[in-house]
Amino acid sequence: MATVDVCTPTKGRLFTTKTAGGRMPLTPSPKTSNYQPTPPSIHSTPTFAQALSRSGVRKSAKSNIARDSPRRLELGLSDWTLTGTGTPSKPRSTQAGVSTATQSSRPRPKSSVRIAYNAADRFIPNRSASEAISNAGTAKLDTTTPKRRPRSAQDGSAVLSSSAATAGLSLNDRTADDEDDDKNYSKPSPNTVAYESSIANACGVSLNTRILAFKPAPPESSKPIDLRSQYNRPLKPANALSAQLRRRILTSPERVLDAPNIVDDYYLNLLDWSCNNQVAIGLGQSVYVWSADSGTVSPLIEDIPETYISSLKWSGDGAYVSVGLGSGEVQIWDVEEGTKLRSMFGHDSRVSAMSWNKHTLTTGSRTGALHSHDVRIAQHHTNTLTAHTGEVCGLEWRQDGAQLASGGNDNLVCIWDSRALNTPKFQKTNHNAAVKALAWCPWQLNLLATGGGSHDRHIHFWNSTSGARVNSIDTGSQVTSLRWSTQYKELASTSGFPDNSISIWSYPSLVKNIEIPAHESRVLHSCLSPDGQTLATAAADESLKFWKVFEKKAGSGSSSAAAGVSKKVDGMAAARTIR
Amino acid sequence: MSAEKEKSKTHKLSLKGSSKIVAEFFEYSINTILFQRGVYPAEDFTAVKKYGLNMLVSSDDQVKAYIKKIMSQLNKWMLGGKISKLVVVITNKDTGEHVERWQFDVQIFGKNSKSKSSRRSGDKENAAPDATEPAPEKTEQEIQNEIQSIFRQITASVTFLPMLDGNCTFNVLVYADADSDVPIEWGDSDAKEIKNGEKVQLRSFSTSNHRVDTLVSYRLGE
């Protein structure tokens, strides 16, 4: 009878019914319909072996010999890598065990059967019901994932090895055994598999597939969307720039020049770019002029004795440079000729800031005095503007010459009316540090931006008609200069510690568009090219860098820029260093 | 005779070419859905001529990069024949509720039924002879036309789909074979099904190796 059963081990249904009788809690009942016939390759021998084994069990049932013997088998057969005897519980009543064993041994898959064949002559292993169950689980697994098959063979062998000892187990003991096997082979217990697959079947999901989600969060939409307006939107969006036209700011310098011996002094103003596209820079005791058109450098003043250059400024027509000296002297030079036209005296300490308004040159000195000079006449000193008590380090005429803004080391910002220079029109005390950075807005005449020093870090925006402060930005670092773009509604600020960066701000939204780490030490001076596209910055790291931060869009040809744009670009390409 | 043979050769697509068409279709589908369903502002999209239509693709750098990352992995899976579904889920940002689900079912003709080895389907060699449904030969133009009509349908579907309030985001899901290689950006997920959703089956298209069905499910308005 036994042989008949063994000969048809592959019938899943048969197996279920059998097992259902004895060990209901263990059997993965819903799954067994999936049970696949294993190829009955070596049928006749197993039956024989099993017959043998069963008879053997009785003899060796409680013996420890049984446990030793599989070890020896391992030595002989290298592919039996897993011993997995685990913790087989001690055999109890031999008689009872035999009866269950006979039942359970029938549906044995081929793998374990093969082992029985090998083992038969050594000792007679009795397959406990537990093996049958665990094998049932693995066999089912095999049908879904074929590559596991070799595993189950090992499984079988392991189970087998323990089988002699577990011959007469009660049901509970078998469960324990099962779990033990699972641990050893890191395979889901039949219960789990059955559960998973039954759940999967119920949900109509295949265990063969996984649902994968792309985990990174998608980018935020740039603005809220109303689909209603999208369905009947105008052909061309009125105000919003499409993403591809959105402005990108170049963050690497277009050109870097050496600026050796530049004086690291916040209060001086040593860099200016003329409307003829020439850059003048004061380096120690010398002034050099770099022509952006040709890229050539020409010394204008070399090694002025016993003093140093403290400020310089191009006249409005780009023909002359006014130079302020540490001695208080102001000189005016004709750049083309390379000759000094005149010297103007009057200040008794260094001239650190100056600004042209047509033929009027206004200079500010360390004492806080502001002098207005008419450079055409011999008696050049026309006005003295007194308000500051500290060194004047920022001085800027409005484009139309109607107002003058001055900032000083006394933390004061003054706005002067050109028709009444005796007293300032407004005095602003909002800054908490020296005010060097001053800039008049090119598209709104009465808008003035001022930036404070390292203790202040703010940029304030003023209405120069009413004197009201209209906006403020906390930049987080010393503001060393401010430049409005002529192309965009934007403002560039340069800063000192800690970032030594150039920041571009949108106005009036005051959004920081970009911050470019520009120099290795604080940016001292900046100026804009006549075409408004390039910002030049000079820093204490003795370099002069050119940044095309306000690059014009191709095609958007608002030709507000001065002449020589294209020439300048050529010149940039051919330019060389200042030294 | 030989000329005819020559002709059929040129129009026959290899599995590789077929995967490329399907992957490209996915990319345009994602873009179209993002545009049509207002996940991103309309200004962020530019029109591109494709499938004989003006397809709108995102020109926002971040979105472009995001989709590119998805597509690069998708291409690999497609070539390996690992994918059975691609799903674009639109989720309400505030409530986290899934409001719309676009599902693209991929059938690979070479793929055997589950009982047989599923791994073999990745083999290019096996694909053609094993084909359970021998695909009728199609010219590229016919395939393009089929895809075109799907996009026309997707575009037209905004008329019956419920209004989205605009504050939405999206996720991409993939139903892949269990043995696929999964890069770190991808993780297991639930199906993100829509509860009590209405389903509308849209058109399909097929190449010599793939068939793609389109299905949109959406939440019914209360």
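Predicted model: local features only at pLDDT ≥ 70, side-chain atom pairs only at ≥ 80, totals over all residues.
Q: Where do the side chains of a regular strand go?

A: In a regular strand, they alternate between the two faces of the sheet. In strand β13(A), Ala369(A), His371(A) and His373(A) point one way, while Leu370(A), Ser372(A) and Asp374(A) point the other way.

Q: Are the residues of strand β13 of chain A buried or exposed, and how is the strand placed in the rest of the structure?

A: Buried means under 20% relative accessible area. Six of the six residues of β13(A), residues 369-374, are buried, so the strand is largely enclosed by the rest of the structure.

Q: Which strands pair with β13(A)?

A: Strand β12(A), residues 360-365, pairs with β13(A) in the antiparallel sense over five bridges. Here Thr360(A) has Asp374(A) as its bridge partner. Strand β14(A), residues 381-386, also pairs with β13(A) in the antiparallel sense, over five bridges. In that pairing, His371(A) stands opposite Thr384(A).

Q: How many residues lie between the strands of each hairpin?

A: Between β12(A) and β13(A) there are three residues, and Gly368(A) in that turn has a positive phi of about 100°. The hairpin of β13(A) and β14(A) has six residues between its strands.

Q: What is the pattern of helices and strands along chain B?

A: Chain B has five helices and eight strands. Along the sequence they follow α-α-β-β-α-β-β-α-α-β-β-β-β.

Conventions:
Residues numbered from 1 in each chain as written. Chains lettered and ligands numbered in written order. Heavy atoms only, no water. Buried < 20%, exposed > 50% of the residue type's maximum accessible area, 1.4 Å probe, protein only. Helix = DSSP H or I, 4+ residues; strand = E, 2+ residues; numbered from the N terminus. Pairing = 2+ DSSP bridges.
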